[in-house]
Amino acid sequence: MITWDEFENVELRVGTVIDVEEFPEARNPAYKLKIDFGETLGIRKSSAQITTLYSKQDLIGRQVLAVTNFPPKQIGPFMSECLVTGVKTENGGVVLVGPDSRVADGLRLV
């Protein structure tokens with residue numbers, strides 16, 4: 001169990017995927033994403049193992065919920081700057097988490 005104060009320290013923010021590239025160097029199939037979190041945070045990069053359920057075209061313009069205050073993490077030759085959230089299905093695919101309606105990039109989960 002974590003405390004409410006600990007949970008409040010996690011910054012979960014909405015951003016829009018603006019670019020998607022293949023990531024052939026990844027151990028598991030993944031994309032390299034560029035996500036726009038608005039004026040305050042700007043554009044961040046993330047590696048996401050979401051190739052089973054999403055094509056590159058499906059992702060452009062899609063809003064996602066990501067943890068934006070983890071330290072950057074080196075994933076092979078790529079530096080990931082945020083963690084995109086998703087739910088793993090029983091078949092092993094990942095369904096992305098995001099808002100039902102369009103909201104401003106950078107808004108924080110409350």
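In which helix does W4 lie?

Analyst: W4 lies in helix α1, which covers residues 4-8. (Helices are DSSP runs of H or I with at least four residues, strands are E runs of at least two, and numbering starts at the N terminus.) This is a predicted model: local features need pLDDT of at least 70, side-chain atom pairs need 80 or more, and totals for chains, interfaces and linings take in all residues. Residues are numbered from 1 along each chain as its sequence is written, and side-chain values use heavy atoms, without hydrogens or water.

W4 counts as exposed because its relative accessibility is 59%. (Buried is under 20% relative accessible area, exposed is over 50%, and partly exposed is in between, with a 1.4 Å probe and protein chains only.) W4 belongs to a nonpolar surface patch with I2, F7 and L109. Patch members have over 30% relative accessible area and no salt bridge; nonpolar side chains, Val, Leu, Ile, Met, Phe, Trp and Tyr, are joined within 5 Å, like charges within 9 Å.)

Next, the charged pairs. The whole structure holds three salt bridges, each a side-chain nitrogen of Lys or Arg within 4 Å of a carboxyl oxygen of Asp or Glu. One joins E11 to R13, at 3.1 Å from N to O. E11 is partly exposed at 21% relative accessible area, whereas R13 is buried at 18%.

Another salt bridge pairs K32 with E21, their closest N and O atoms 4.0 Å apart. Here distant parts of the chain are linked: K32 sits in strand β2 (residues 31-36) and E21 in strand β1 (residues 12-22), eleven residues apart. E21 is partly exposed, at 36%.

E22 and K56 also meet through their side chains, at 3.8 Å from N to O. E22 is in strand β1 and K56 in helix α3 (residues 56-59), so this bridge ties together parts 34 residues apart in sequence. E22 is partly exposed at 45%, and K56 is partly exposed at 28%.

Now the largest pocket. Its volume is about 550 Å³. (On a 1 Å grid over the protein atoms alone, a pocket is an open set of points with protein on both sides within 12 Å along at least five of seven lines, and lining residues have an atom within 4 Å of a point. The volume is the space filled by probe spheres set on the points, which are joined across faces, edges and corners.) It is lined by 25 residues, and S47, A48, Q49, I75 and L83 are the closest to its centre. Strands β3 (43-48), β5 (73-75), β7 (83-84), β8 (86-88) and β9 (94-96) each give two or more residues to the lining. The largest share, three residues, is from β3. By class, 13 lining residues are nonpolar, eight polar and four charged. (Nonpolar means Ala, Val, Leu, Ile, Met, Phe, Trp, Tyr, Cys and Pro; charged means Asp, Glu, Lys and Arg; the others, Gly among them, are polar.)

Last, the segment after β9. G98 is placed there and is partly exposed at 34%. Its C-alpha atom is 8.8 Å from that of G15, 83 residues apart along the chain. R102 is found in the segment after β9 too, and counts as exposed at 57%. The C-alpha atoms of R102 and T85, 17 residues apart along the chain, are separated by 17 Å.

How values were computed
Accessible areas come from the Shrake-Rupley method with a 1.4 Å probe; for residues, only the protein chains shown count as cover. On a 1 Å grid over the protein atoms alone, a cavity is a set of points where a 1.4 Å probe fits but cannot get out, and a pocket is an open set with protein on both sides within 12 Å along at least five of seven lines; lining residues have an atom within 4 Å of a point.
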